[in-house]
Amino acid sequence: MSEELAGLKEHYMRCVRCGQCRSVCPVFREIRNETVSPRGKIFLAHLLSSGEAKVNNEAASLLSQCLLCRACSVECPSAIPVHEIVTAARSLAAKKLPSPLKSLLHRKIWSSPARLNFSVSLFRHCQGLLKPAATLNLLPPALSLPGRLPRRPARPSIPGQTPASGKAKMRVGYFLGCSTNYLFPGIARSTVAVLARLGCEVVLPQELKCCGLPQLAAGEDKTAAHMASANLEAFRRLNVKVVVSDCASCTATLKESFPQNGSNGIKVLDLSELLAVLTEGNELKFKTINRVVTYHDPCHLANAQSITAAPRNLLRRICTEFREMPGAAECCGGGGSFVLHHYGTGMAILNKKILNLKKTGAETVATSCPNCIMQLRHGLLKHGSGTEVVSVVQLLAESLEITF
Ligand code: SF4
Ligand code: SF4
């Protein structure tokens, strides 16, 4: 029995093969093959852990066909945490089939903010050089997902400490995730400015690392644990008791990796949760934004944190009209690095989302995860749509008439 899967035996033995998980799995819906269904992956994990199947490239490939969206874990009547079983099986596969390239990426580059900065900057320069090849569609299509990277990440433009406007109601640590930092610096600036306007002193530690989700998803759980403890210490050194992030994937990961209770605990809140508290009964003037808006539920917010009402309530309050999107809680097909490895499947899932989005007739789609924003923008661009995709906090900044 492998160390990774030993603790999960009890879970997968409870699978009654009812197939309910298949009906909500976006990957199974596209591929229609039992081996990639949630219960198929549980069975595969069982075979791998008992030694009845070998950890080989075929098994690793099947395990990679999962968005870690958790729709199956939420749906399962036996409450089996399928996503945890997949993650544990990937960890086993990463140990048995070591990849020098993945190790370099996750252990040496992504775990070091300085090396990650350098690599992203290098990638940005290459984007410029490779533009002619990209225009002629000579590059792998997944490389076009982030679009042209912003010239500068958010980090250098945000002070280590931002005072509250007026009397401080609370002090919060801001976890600036990689996607917000490198892809959407405007979201980071909106988050800090909105929190300050709503009465928060915002603290951003200098030495934060990635939240560790890409490493967990790649089976590099030890690297992820090391990064989580470094982040925890960075906040503790500044005596931060509450941490918030504008990235649902980061908050879902931090809630599971930071101790949440006890004297050593640090409370992690998704920005949607904190904004709901801070805007409730707030006397500030919120200008109504003259826009028809809809909302996409990030899997890591709706499935992992059960947060669905707070962002909708806020949008209803600050926009002239809110329209519910059919299938709003269905995955957009991004799944972090999933879409890089399985671009075709990711795009098939995304197409359904874009068609549902178009049915609303909304001019703007808001969401609470920078990775979803990247994926939705890519899909809308492919469909030739002019619908705007923004973070909820950017609309709130507009409503509070915050300018940069
Ligand atoms: S829903 Fe749960 S019990 Fe049913 S097949 Fe899927 S994992 Fe097994
Ligand atoms: S986590 Fe999502 S993609 Fe993975 S098996 Fe479950 S439903 Fe399918």
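Which residue in strand 8 is the bridge partner of Val 293? I looked this up to start, and the partner is Thr 364.

**Ground rules.** I am working with a predicted model, where local features need pLDDT of at least 70, side-chain atom pairs count only at pLDDT 80 or more, and totals for chains, interfaces and linings use all residues. Residues are numbered from 1 along each chain as its sequence is written, chains are lettered from A and ligands numbered from 1 in the order in which they are written, and side-chain values use heavy atoms, with hydrogens and water left out.

**Overall build.** I find 23 helices and 9 strands in the chain; helices (H or I, at least four residues) and strands (E, at least two) are DSSP runs, numbered from the N terminus. The C-alpha atoms fill a box of roughly 65 × 50 × 50 Å along the principal axes. Of the 404 residues, 53% are buried (buried means under 20% relative accessible area, exposed over 50%, partly exposed in between, with a 1.4 Å probe and protein chains only).

Strand 6 (residues 289-295) runs parallel to strand 8 (residues 364-367), and 3 bridges join them; two strands pair if DSSP finds at least two bridges between them.

**Cysteines.** I searched the whole structure for disulfides and got 0, a disulfide being a pair of cysteine sulfur atoms within 2.5 Å. For Cys 372, the nearest cysteine sulfur is that of Cys 369, 4.0 Å away. Cys 372 is buried at 7% relative accessible area, while Cys 18 is partly exposed at 44%.

**Ligand 1.** Cys 18 turns up again here: the residues around ligand 1 include Cys 15, Cys 18, Cys 21, Arg 39 and Cys 76 (near means a heavy atom within 4 Å). Helix 3 (20-24) and helix 5 (38-50) each supply at least two residues of this shell. I noted its make-up as 7 nonpolar, 3 polar and 2 charged; Ala, Val, Leu, Ile, Met, Phe, Trp, Tyr, Cys and Pro count as nonpolar, Asp, Glu, Lys and Arg as charged, and the others, Gly among them, as polar.
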